[in-house]
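Biologist: Before we discuss this model, could you put the sequence and the structure up, so that we can go through them together?

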Amino acid sequence: MEGVAEDIVIVGAGIAGLTTSLGLHRLGIRSLVLESSDSLRTTGFAFTTWTNAWKALDAVGLASSLRQHHQRLLENVTTSTISGLQTSKISFEAKGKHAEHEVRCVKRKLLLEALAEELPSGTIRYSSKVVSLEESGSLMLVHLADGTILRTKVLIGCDGVNSVVAKWLHFKKPAFAGRSAIRGFADFKRNHGFENKFMQFFGKGFRSGFLPCDDSKVYWFFTWTPSSQDKEIEDNPARMKQFVLGKLEKVPDEIRNVIENTELGGMTSSALRYRHPWELFWGNVSKGNVCVAGDALHPMTPDLGQGGCSALEDGVVLARCLGQALLKRPSGDQTKDNMERERDHDEYKRIESGLKKYAEERKWRSINLITTAYIIGYIQDGSGKARSFLRDKILARFLAGLLLKRADFDCGKLV
């Protein structure tokens, strides 16, 4: 049979792919990670890393080093730009079901580099774009753009919202949420003077947030429902900056200063997409020796801040379930003549069972996060008087509390 043989192929060197590979490596299992780009991709700048993410990072042995480079955030303060009044204040030092909450804003580049540096040399193969997949008995054939064919016993799709592997599993393309997000990263090159707070601002049809990563860097976002005219700003960073500043007229000067100090290359804009929860209910998160994780599994709107965090969870759970399957000793009752055939069949069934276990464990968690994020976004970005009243006067503290509630989760250890 043609092709290069690999035991485990992971498509995508993002958070989910690298966490899965590192988790397997910690268990003594080698994997190959395919990345279509020629280097690690760091789109998004940073992300809120909630308690559940730190549990996952502890599991793969990276939490301690990352904590040294990121401030711990102590509270969430939400303010209405319509009334100018504070609508809620939630402490991040509260105790959850598993431990005291821990919230930081982690630089995506630093996280990906930390994950990659812990992997054996040669684990990540760059410039390796997957163009098609094919079944071949108990193996999967992975066809690359350069003509290479890989034969693998396990195929894991961590290839984002446009996942080739998710398409093979018959998932539809993620749906557009009808909203967009501008994300920015300001490097002050000096102490920015911000307190250790996650500051949120709500206005007519938009939400914005500002989170210090360390003493000199601040990550910010702005989500809104764009009009037809707004679409013209998506590829124009200068107009993006002016648009956000125009919407945030009634915020403190220190907040406006963050936007003004953001370089044009430090901003991106994108339409928000998500997977319909019922697709996960009816669909196949795994099939045979193939599964998906991260955004390939559960693309969601950013309103809970759980996209990257849940990808870390996926990686730990998947490595654990697959490790249990692969490290389990096969039964010893094969005859000499059919030993190899029986061994291969037994291994395939163990892999299939391990991936099913992973899929069941992650399906309901993913449905919960996707649904909660969508509902929160619908309420918080609402521009009507009724929704604004509910958001600012009645549901403000409840919505802020959901951030901690959904983060109060422990994905467990690798073993």
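Biologist: How many of the 10 residues of helix α2 (residues 51-60) are buried?
Modeller: This is a predicted model, in which local features need pLDDT of at least 70 and side-chain atom pairs count only at pLDDT 80 or more, while totals for chains, interfaces and linings use all residues. Residues are numbered from 1 along each chain as its sequence is written, and side-chain values use heavy atoms, with hydrogens and water left out. Helices (H or I, at least four residues) and strands (E, at least two) are DSSP runs numbered from the N terminus, and buried means under 20% relative accessible area, exposed over 50% and partly exposed in between, with a 1.4 Å probe and protein chains only. Helix α2 is largely enclosed by the rest of the structure, because the number of its 10 residues that are buried is 8.

Biologist: Which residue just after α2 takes a positive phi?
Modeller: Within α2 the buried residues are Thr-51, Asn-52, Ala-53, Trp-54, Ala-56, Leu-57, Ala-59 and Val-60. Just after the helix, a positive phi of about 80° is taken by Gly-61.

Biologist: Which residues are buried on the two faces of β12?
Modeller: In a regular strand the side chains alternate between the two faces of the sheet. In β12 (residues 197-203), 7 of the 7 residues are buried. Lys-197, Met-199, Phe-201 and Gly-203 lie on one side, and on the other are Phe-198, Gln-200 and Phe-202.

Biologist: Which residues is Ser-269 in contact with, leaving aside its neighbours within four places in sequence?
Modeller: Ser-269 lies in strand β15 (residues 267-274), and its relative accessible area of 18% is why it counts as buried. Contact means heavy atoms within 4.5 Å. Beyond its sequence neighbours, the residues in contact with Ser-269 are Ala-181, Ile-182, Trp-224, Glu-234 and Met-240.

Biologist: How many residues apart in sequence are the parts that Glu-347 and Lys-153 tie together?
Modeller: A salt bridge is a side-chain nitrogen of Lys or Arg within 4 Å of a carboxyl oxygen of Asp or Glu, and Glu-347 and Lys-153 meet in one at 3.2 Å, N to O. Glu-347 lies in helix α10 and Lys-153 in strand β10 (residues 149-157), so the separation in sequence of the parts tied together is 194 residues.

Biologist: Which residues do salt bridges that share partners join into one network?
Modeller: Arg-350 forms a salt bridge with Asp-346, the closest N and O atoms being 2.9 Å apart, and both residues lie in helix α10, about one turn from each other. In the network, salt bridges that share partners join Asp-58, Arg-67, Glu-102 and Arg-104.

Biologist: What is the radius of gyration of the protein?
Modeller: The protein has 12 helices and 17 strands. The radius of gyration is taken over C-alpha atoms, and the globule rule is 2.2 Å times the number of residues to the power 0.38. The rule gives 22 Å for 415 residues, so the protein is as compact as a globular protein of that length, its own radius of gyration being 22 Å.
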